[in-house]
Every structure is written in C-alpha cells, then in structure tokens.
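Hi there,

Here is the structure I promised to pass on. My notes on what I found in it follow below.

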Amino acid sequence: MVYWEIFGLKLGESTTFWHWEDPTTPKKALIMYNNILYDYLSIPVTYCHSSVFFVLSVRHTTADKFYIEPSGSVTGELLVVDRVTQEITLQANQSLPSPAVTKKICGIFGIIRLIAGPYLIVITKKSKVGEISGHDVWKVEETETLSYKRTMLHLTEQQNAHNRSYLSMVRTVLRAESFYFCTDYDITHTLQRLENTSPEFRSMSLIERADPRFTWNGFVLQELSQQTELSKYCLPVLHGFVCAKPCSMNQKKFDYIIISRRSVFRAGTRFYVRGIDSEGQVANFVETEQIVQYNGNACSYVQVRGSIPVFWTQRPNLQYKPKFKVNPESHLDVFKRHFDSLIYNYGEQVVINLVDNKGGEGLLQRTFSQSVTSAQNSKIRYEYFDFHHECRKMRWDRLSILMNRLQEDIKRFGYFMVQDGSVTHRQEGAFRTNCVDCLDRTNVVQGMLAKIILETQLRKLGILEASQTANDHPSFIYTFNNIWADNADYMSKQYAGTGALKTDFTRLGKRTHLGLVMDGWNSLIRYFKNNFSDGYRQDAIDLFLGNYVVEENEGITKPSPLRSERDWKFYAIPVIFVIAMAMCIISFLLPDENMTEQFMYVLFWATATIVSLAGLYIFGSEFVDQPRLVHTVKNNAFSTNSNLKA
C-alpha cells in the first residue's frame with residue numbers, strides 16, 4: 001500500500017508490485033498491469049548515464065502548460081512545457097495547478113513543429129521484448145501527439161487541411177510496429193562499440209552518447225536535448241527489430257538476441273530511395289547484431305546491409321519492374337567515403353553482391369564491381385553470387401557454394417566475446433550484403449552467415465558440444481529460424497511495405513510451393529503499395545526525420561508543397577479507359593440484329609480501351625503516388641542528396 005501512495009496510482013486488484021528488499025533505497029520498482037510490465041524507476045547499472053531516467057512519468061495537462069512528473073521522484077521536480085511561450089524548463093517543488101488532466105506516460109518521444117505550431121509526442125504504452133545484460137528493452141506500442149495550441153482558429157481553412165495532412169504523416173510513422181527503447185542501456189551501439197568506449201563516454205546521458213545513425217527521434221528531440229539539464233528526459237528510440245528469446249541446448253539455458261538498427265540517413269521507401277547520396281550514405285542501411293548471453297558471458301556478431309553504393313534510381317511508373325537508371329556522373333568519391341565509414345566502424349569489408357548478371361541488375365553489378373576495383377582499397381573484397389541463376393529450379397542447396405567461398409573470411413573476421421569480464425575475441429571485419437532491395441535474397445544469406453557464426457560461439461561458450469551442430473537441436477532451430485524470418489519481415493515492411501519473400505526457406509530451411517504462392521501474393525501487394533501509397537509514406541519519413549521542416553507561415557508567405565496540381569492526363573486517361581472498357585463489354589454482351597453494326601461497336605470501344613491502356617503505360621509515372629516534400633521528381637533526378645531541406 002505504501003507504493004500505491006508514493007506513485008499516486010489508482011489501479012485495480014490485478015496490479016502486481018515488485019521491489020528490492022530494502023524499499024528505502026530501491027534500484028527498481030516494477031508494476032505489472034493488464035499483463036504489461038511497467039518500469040517506474042530505474043537507476044543505471046552498466047553502460048548507463050549518470051542521471052536517473054524516469055521510465056514512467058505522469059503527464060498533467062492544463063490550458064497553458066504540460067507538466068511531466070517523474071514517477072517516484074522525491075524532489076518534486078517537474079518538466080514544464082509552456083504551451084503559450086513554448087519554453088521548456090525544470091521546476092522543483094512545483095505544485096500542480098487544479099484542475100489538470102492527468103495521464104500516465106512511458107516517456108517523451110519528442111517535439112515536432114507543424115503549421116499549427118509544436119506538438120508534444122509521448123509514449124503511452126509499451127511492452128517488454130526482452131533483456132540485454134540485465135536491462136529491459138521495450139517496444140513502443142502506442143503514442144499520442146498533443147498540440148500546444150488549444151484551437152486551430154489562427155489557421156486558414158487550407159492551412160488547417162495541410163496541417164491535418166502533416167499530422168497524419170507523423171502518426172503514420174509512429175504507428176510503425178518497430179520502435180524500441182531502453183532506459184538504462186544504450187541499444188544504439190553494438191557490444192563491441194560499447195566495450196571500446198571511455199569512462200567519460202559512459203557517464204554521458206543516453207541521448208548524448210547514442211549513435212546518431214540509429215536514433216530515429218534525434219530530430220524531434222532537438223528542442224529537449226539542446227538543454228543538458230533535460231537530457232534525462234530524452235529517450236533515444238531505435239527503429240528496426242529487436243527480439244530476445246530464452247533458449248536451451250544440452251540442458252544449458254542462454255539468451256539469443258537479434259537487434260537490427262535501421263539508419264536515419266537516406267531512409268525511405270523501396271522505389272523512391274535507392275543507391276548512394278552525395279554524403280556517402282546508402283538507402284536501406286541496416287546494422288544487424290546477433291547476441292548470445294550465457295552465465296554472465298556474452299558473444300556478439302555484426303553484419304550490415306545497404307543499397308548498391310552508386311548513383312542510380314528506379315522510380316515507379318505502373319510497370320511491375322521499372323527500369324534502372326544509372327547516373328553517368330562519377331560516384332567514386334562518395335563510394336570511397338561510404339566504405340571509409342564502414343571500415344572505420346566495422347573493420348575490413350567483404351561485399352556480397354547477390355543481384356542478377358543480366359538486364360538492369362547486370363548493369364548495376366558491373367558498375368559496382370568496377371567501382372571496387374577503381375577504389376583500390378585492400379580492405380574491401382568483392383564477392384559476386386548470382387542468386388537467382390545459381391538457385392534456379394528451387395536448388396537452394398547451392399547456397400553452400402557461396403558459404404564455402406566465404407569460409408576464410410568468416411574465420412578471419414571472427415566475432416566479439418566477453419568471458420569472465422574480459423574481452424577474449426574481437427570482430428575484425430564485417431560482411432556487407434546486398435541484392436537490389438537488400439531484402440529477400442539478403443535476408444537468406446545473412447541468416448546463413450549468422451548460423452555458422454552462432455555454432456562457433458556456442459561451442460566456445462561450452463553450450464554446444466564439438467561433435468554437434470545446431471540442427472541437432474530442433475527446438476532451438478525452430479526458434480532461430482523464426483527470429484530471423486521475423487527480422488526479415490520487419491525489414492521488408494519498413495522498406496517495401498510487405499513481409500519478406502523467400503521466408504519459407506528461412507523458417508523451414510527449404511523452399512516450398514506454398515512459399516512460392518505467398519511470394520506471389522506479397523509481390524502483388526508490394527506492386528500496389530509501391531505505386532499508390534509509397535509517395536505519402538516517403539513524405540511521412542522525411543517529415544519525421546527533419547529532411548523537410550515545416551514553417552508555421554506555410555500557406556501564407558510560402559506556398560505549401562502539399563498544394564500540387566495534377567496533370568490533365570491524371571484525370572482524363574483513367575476515365576476514358578473505364579468508360580471504353582465498360583462500353584466494349586456492353587457492346588459485346590447485348591445482342592444486336594445487325595451483326596456488322598455490333599462488330600463495329602465492339603471494335604471501336606476495344607480500340608479505345610487499348611489506346612487508353614497504352615496511355616496509362618506510357619504516362620505511368622503520372623498516376624503513381626509521388627512524394628511532394630523532398631524526394632520529388634525535380635529534386636531527385638538521380639537521388640544524390642538525402643538532406644534536402646525546405
């Protein structure tokens with residue numbers, strides 16, 4: 001009952017409390033409510049910042065201010081956001097005004113400015129996905145966006161409509177099922193990077209030390225993070241995939257963890273963001289770390305994926321597979337910059353290129369190969385494997401050819417390991433895998449590499465016997481395959497809009513006819529999403545990451561990019577096509593005494609249908625959902641700049 005009074009909670013009998021034996025100096029107070037674990041007060045233990053971060057706070061809203069009250073705070077400190085002056089301050093021993101609307105929150109996601117003014121984004125629900133080194137990792141389940149303004153009367157009708165569109169974009173990003181955070185551990189860095197840091201680095205707040213490549217709320221936290229005293233309220237949020245499962249082999253229990261970190265640089269959707277930009281950042285760049293924890297020891301293995309690092313585009317135009325366009329402009333400088341960054345962060349690089357050797361993919365393959373040769377960097381090795389050709393007719397066993405060619409690199413790169421508190425192994429290099437989308441083929445190869453390394457790690461930890469393989473433990477293999485298949489689905493949904501293809505191989509270890517059918521279904525859904533909804537989704541990502549910054553006077557002193565006019569073809573050709581097809585069917589089905597006249601009617605409307613269909617094909621790009629903020633056709637001729645601002 002004491003904790004009830006401290007936290008001011010009004011929870012039912014289903015509430016369960018956890019606390020340390022000495023309640024006067026608690027390290028952590030936990031509450032289970034509606035089967036969701038809430039962490040009310042955490043004090044850092046390992047790799048954490050020196051300030052306490054309050055996991056679950058209470059938000060009080062009045063007409064003029066937002067008050068964020070850390071649960072369990074003994075100083076009475078409040079974070080006060082003035083809704084009128086927009087000033088953010090810390091106030092001690094501040095009494096709450098009455099009346100105030102009160103709601104529990106799990107953290108502050110950030111603040112974003114739209115036409116109507118600033119919006120406070122808060123996390124209202126979370127669920128636990130597992131633990132890393134004893135630290136709870138949470139998934140964002142629900143958020144809420146709160147306007148500073150009490151009314152929208154200061155906006156014109158058109159401004160109000162555009163503000164609703166921007167707000168809808170923000171909420172589209174926030175509804176993604178793939179945001180994660182930890183309050184007392186830095187999940188934006190790998191185990192090896194954290195081990196290489198200094199005590200000064202570890203004493204910094206989480207937001208100060210978080211890897212900016214993988215902090216998806218870095219832009220919306222700027223107003224808070226610029227004030228150092230507010231750093232304990234700044235919660236770095238990761239976008240990607242996190243899964244932690246307890247596993248067992250030979251009666252030995254261990255934790256198996258996968259963390260995929262999606263980069264904020266050159267982020268976007270499948271057809272609108274391809275290749276490399278002028279800063280050396282590539283599309284769909286993801287760092288995936290595999291972690292094994294056993295008896296206080298830990299192993300880590302890191303792989304990366306990213307789009308082919310040359311200037312190229314493939315914008316949608318209603319065709320199932322739009323043509324590739326490679327920019328003749330020299331990309332060697334940014335190519336070198338990209339790999340210099342990879343070598344700095346991960347060591348030597350083996351590039352695994354899985355694209356086809358013919359058509360547009362063949363052009364990309366040759367350009368990539370020539371670039372590696374021209375770079376003349378001894379720390380880059382190029383390994384080409386024509387995935388579709390080698391594995392044609394469902395001969396996926398031939399992937400062993402690629403694995404055999406990588407054996408020496410696998411041994412040379414090694415993995416990271418901490419045993420009995422000391423570093424015994426370090427990973428000296430990484431595999432950079434890509435196909436065209438860096439999704440389906442890439443997922444398969446990364447999963448196979450992870451399994452090879454995992455067996456080595458499990459033997460080193462004493463979990464797996466020397467004569468055994470992971471396949472000797474079906475229950476673990478089932479868990480392993482499904483975690484990697486889930487990771488593949490998450491990566492694919494974030495970039496292409498649907499679950500991954502070829503996941504039957506990842507889950508079952510073989511290709512199946514049902515898997516082929518599901519691949520066809522997902523490909524169809526991808527086609528419609530990529531052509532008719534990805535422009536909006538691309539705008540939402542650019543807005544949320546700050547690639548486009550909204551000004552409050554947009555629509556008055558400055559035109560809004562949302563107010564774009566469609567070409568006449570957008571309206572005329574589809575209408576003609578629908579009418580012509582309908583008339584063709586009617587003319588064919590309705591009987592006529594004069595067969596010649598009926599034939600002429602059918603011929604005329606069939607011709608009109610074919611001509612209008614040809615118009616849809618020729619002017620296909622006019623009918624797709626195009627981005628309007630940053631990655632427009634005008635700004636994105638060869639997609640070389642990922643940081644275009646308004």
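Let me start with how surface patches were built: they take residues with over 30% relative accessible area and no salt bridge, joining like charges within 9 Å and nonpolar side chains (Val, Leu, Ile, Met, Phe, Trp, Tyr) within 5 Å. Areas come from the Shrake-Rupley method with a 1.4 Å probe, and for residues only the protein chains shown count as cover. A salt bridge is a side-chain nitrogen of Lys or Arg within 4 Å of a carboxyl oxygen of Asp or Glu.

Please keep in mind that this is a predicted model: local features need pLDDT of at least 70 and side-chain atom pairs count only at pLDDT 80 or more, while totals for chains, interfaces and linings use all residues. Residues are numbered from 1 along each chain as its sequence is written, and side-chain values use heavy atoms, with hydrogens and water left out.

**The nonpolar patch**

Leu514, Val517, Met518, Trp521, Leu524, Phe528 and Phe532 make a nonpolar surface patch of about 740 Å². One of them, Met518, sits in helix 15 (residues 513–532); helices (H or I, at least four residues) and strands (E, at least two) are DSSP runs, numbered from the N terminus. Met518 has 41% relative accessibility and so counts as partly exposed. For that scale, buried means under 20% relative accessible area, exposed over 50%, and partly exposed in between (1.4 Å probe, protein chains only).

**The chain as a whole**

The protein chain has 18 helices and 23 strands. Of its 646 residues, 56% are buried. The chain exposes about 28800 Å², and carbon and sulfur atoms supply 55% of that area. Taking contacts (heavy atoms within 4.5 Å) with a separation of 6 or more, 67% are between residues 24 or more positions apart.

**Salt bridges**

Side chains of opposite charge can pair when their charged atoms come close. Across the whole structure, the search finds 31 salt bridges.

- Arg261 and Glu289 meet through their side chains at 2.8 Å, N to O. This pair links distant parts of the chain, with Arg261 in strand 14 (residues 252–262) and Glu289 in strand 15 (residues 286–294), 28 residues apart. Arg261 is buried at a relative accessible area of 1%, and Glu289 is buried at 0%.
- Arg270 forms a salt bridge with Asp437, with the closest N and O atoms 3.1 Å apart. Arg270 lies in the loop between strand 14 and strand 15, and Asp437 in the loop between strand 23 (429–434) and helix 12 (440–460), so the pair ties together parts that are 167 residues apart in sequence. Arg270 is buried, with a relative accessible area of 15%, and Asp437 is buried at 9%.
- Asp440 forms a salt bridge with Arg526, and here the closest N and O atoms are 3.1 Å apart. Asp440 is in helix 12 and Arg526 in helix 15, so parts that are 86 residues apart in sequence are tied together by the pair. Both Asp440 and Arg526 are buried.

Arg261 and Glu289 also belong to a network of salt bridges that links Arg193, Asp211, Arg213, Arg261, Glu287 and Glu289.

Tyr166 is in helix 2 (residues 157–174) and is buried, with a relative accessible area of 0%. Tyr166 and Ile115 are 51 residues apart in sequence, and their C-alpha atoms are 8.3 Å apart.Asn217 is placed in the loop between helix 5 (206–209) and helix 6 (222–225). Asn217 is also buried, with a relative accessible area of 0%. The side chain of Asn217 reaches the backbone oxygen of Leu235 at 2.7 Å; a polar contact is a pair of N or O atoms within 3.5 Å, where, within protein, one must be able to donate a hydrogen and the other to accept it, and residues adjacent in sequence count only if both atoms are side-chain atoms. Leaving out residues up to four places away in sequence, Asn217 touches Phe109, Leu235, Pro236 and Val237.

**Helix 18**

Helix 18 (residues 595–618) has 24 residues and reaches 34 Å from its first C-alpha to its last, close to the 34 Å expected at 1.5 Å a residue; the expected span is 1.5 Å times one less than the number of residues. Asn594 caps the N-terminal end of helix 18, with a side-chain oxygen 3.1 Å from the backbone nitrogen of Thr596. Buried residues in helix 18 include Gln598, Val602, Ala608 and Thr609, and what covers the buried residues of this helix includes helix 17 (568–589).

Best wishes
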